[in-house]
Amino acid sequence: MPRIILHCDLDCFFASVEMRDNPEYRGKPVIIGADPKKGKGRGVISTCSYEAREFGLHSGMPISQAYSNCPHGVYLRPNGQKYKKVSREVMRILKNYANIYQKVGIDEAYLELTDICSNFKESKKIAEKIQVEIYEKVRITISIGISFTKSLAKIGSDLNKPNGISVLEPKHFKEKIKNLHITRIPGIGKKSKEYYYKEGIKTIGDIIKMPLPRFIELFGKHGEWAWKVANGLDNRKIKEFHEGRKSISAERTFLEDTDNFKYILSKLEDINHKIHKIILKNNIAYKTITLKIRFEGFETHTRSKTLPFPIQDLKKVMNVILKLYQEFLNKKKKIRLIGIKLSNFEKNPKVIQKEILSFIAS
Ligand code: TTP
Ligand code: MG
């Protein structure tokens with residue numbers, strides 16, 4: 001059974017938000033970016049509406065050039081705070097559709113539906129629901145690519161824009177992508193495409209046709225990646241946090257300093273659940289468990305325990321935390337803050353323990 005991955009990407013994001021909020025701009029070439037200053041402006045386009053794209057405008061184009069191609073366009077400065085807020089609203093909706101979710105940019109995210117859908121038809125229905133919910137609640141459109149690798153899902157989300165869905169299944173994906181230009185492969189850009197051109201490679205089909213060893217000989221590691229993407233062999237996992245992340249932690253500061261053990265315990269449990277949601281989504285195991293405790297007057301302590309092997313076990317964490325907490329039971333001070341940190345990670349452990357399954361079910 002192949003994996004089922006969705007790549008969701010908002011359509012002309014910044015411009016969509018401005019057209020949503022200013023109906024008079026709808027249907028017009030809307031350009032978000034630097035001030036064009038009647039053609040003398042410096043800086044570039046952040047993004048533009050699809051109407052503007054008909055004039056050859058695109059992200060990264062100098063704003064002066066945009067102005068000379070499309071002087072009658074609506075030119076607006078970006079409103080970063082507003083787009084961040086809209087992005088958060090969209091991500092909150094997307095997250096609810098999958099257990100495994102990875103935000104990869106302000107307007108794009110991967111969802112893995114392998115454990116939820118039994119075939120691509122079902123996942124397409126979910127994609128349609130996502131589009132409807134986002135449009136109903138946020139009033140902007142999103143395009144979705146569905147496939148069995150991250151990179152093919154990403155290529156797919158671009159195929160039917162705006163407000164499109166495309167499915168690239170194992171049985172027919174090569175047919176659907178073979179005529180696409182090689183720059184559709186994430187990682188092949190303006191510079192690297194020239195190396196491929198020199199060998200007569202212009203389309204993804206040209207890559208698919210070549211044997212891998214020859215491709216590596218010609219283009220090294222870069223070529224190997226491109227070849228694997230084109231042939232559906234990208235097996236990267238979907239993970240919520242960035243590669244460099246070394247720990248996951250959460251803490252709570254009490255509104256008032258407290259020594260009510262029952263209350264403190266309930267907060268520790270909340271924190272533990274919160275952290276384990278991330279742990280599960282990213283399939284990480286950890287060896288080190290740390291308790292952080294801050295007393296009135298800012299006196300702060302941390303206590304850790306490192307286990308001999310990595311675990312992924314909500315209850316075990318709570319047991320360790322309570323043992324670490326015992327040391328402070330005799331303190332005659334109230335508590336101001338409490339926190340848990342998990343670290344010393346091992347990614348993608350093979351064994352998922354029973355407790356975790358019951359946690360998912362709860
Ligand atoms: P993209 O998803 O690349 O572009 P888009 O959403 O505007 O258009 P599309 O329909 O093709 O997906 O980027 C998301 C936002 O990020 C975009 O609206 C503006 C911003 N951005 C920049 O500011 N500069 C850039 O060079 C790019 C590519 C994007
Ligand atoms: Mg986009």
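Visitor: What makes up the shell of residues around ligand 1, by class?

Guide: In this predicted model, the residues of that shell divide into five nonpolar, three polar and five charged.

Visitor: How do you know which residues belong around ligand 1, and which come nearest?

Guide: A residue counts as near if one of its heavy atoms lies within 4 Å of the molecule, and there are 13 residues around ligand 1, with Cys-12, Thr-47, Tyr-50, Arg-53 and Asp-107 coming nearest.

Visitor: How much of ligand 1 does the protein bury?

Guide: Taken alone, ligand 1 exposes 560 Å², and the protein buries 67% of that area. The elements that give two or more residues to the shell around ligand 1 are strand 1 (5–10), helix 1 (13–21), strand 3 (45–48) and helix 2 (50–53).

Visitor: What space does ligand 1 take?

Guide: Ligand 1 takes the space of the second largest pocket, which holds about 470 Å³.

Visitor: What makes a residue part of the lining of this pocket, and how many residues qualify?

Guide: A lining residue must have an atom within 4 Å of a grid point of the pocket, and 18 residues line the second largest pocket, with Thr-47, Tyr-50, Arg-53, Ser-59 and Asp-158 lying nearest its centre. By class, this lining has seven nonpolar, four polar and seven charged residues, while strand 3 supplies the largest share, three residues.

Visitor: Which residues does a cis peptide bond join, and where does Pro-162 lie?

Guide: A cis peptide bond joins Lys-161 and Pro-162, with omega about -10 degrees, and Pro-162 lies in the loop between helix 6 (150–157) and strand 8 (165–168).

Visitor: What is the phi value of Lys-38, and in which loop does this residue lie?

Guide: Phi of Lys-38 is near 50 degrees, a positive value in a residue other than glycine, and Lys-38 lies in the loop between strand 2 (30–33) and strand 3.

Terms used
Residues are numbered from 1 along each chain as its sequence is written. Chains are lettered from A and ligands numbered from 1 in the order in which they are written. This is a predicted model: local features need pLDDT of at least 70, side-chain atom pairs count only at pLDDT 80 or more; totals for chains, interfaces and linings use all residues. Side-chain values use heavy atoms; hydrogens and water are left out. Accessible areas come from the Shrake-Rupley method with a 1.4 Å probe; for residues, only the protein chains shown count as cover. On a 1 Å grid over the protein atoms alone, a cavity is a set of points where a 1.4 Å probe fits but cannot get out, and a pocket is an open set with protein on both sides within 12 Å along at least five of seven lines; lining residues have an atom within 4 Å of a point. A molecule sits in a cavity or pocket if more than half of its atoms lie within 2 Å of its grid points. Helices (H or I, at least four residues) and strands (E, at least two) are DSSP runs, numbered from the N terminus. Ala, Val, Leu, Ile, Met, Phe, Trp, Tyr, Cys and Pro count as nonpolar, Asp, Glu, Lys and Arg as charged, and the others, Gly among them, as polar. Grid points are joined across faces, edges and corners, and a volume is the space filled by probe spheres set on the points.
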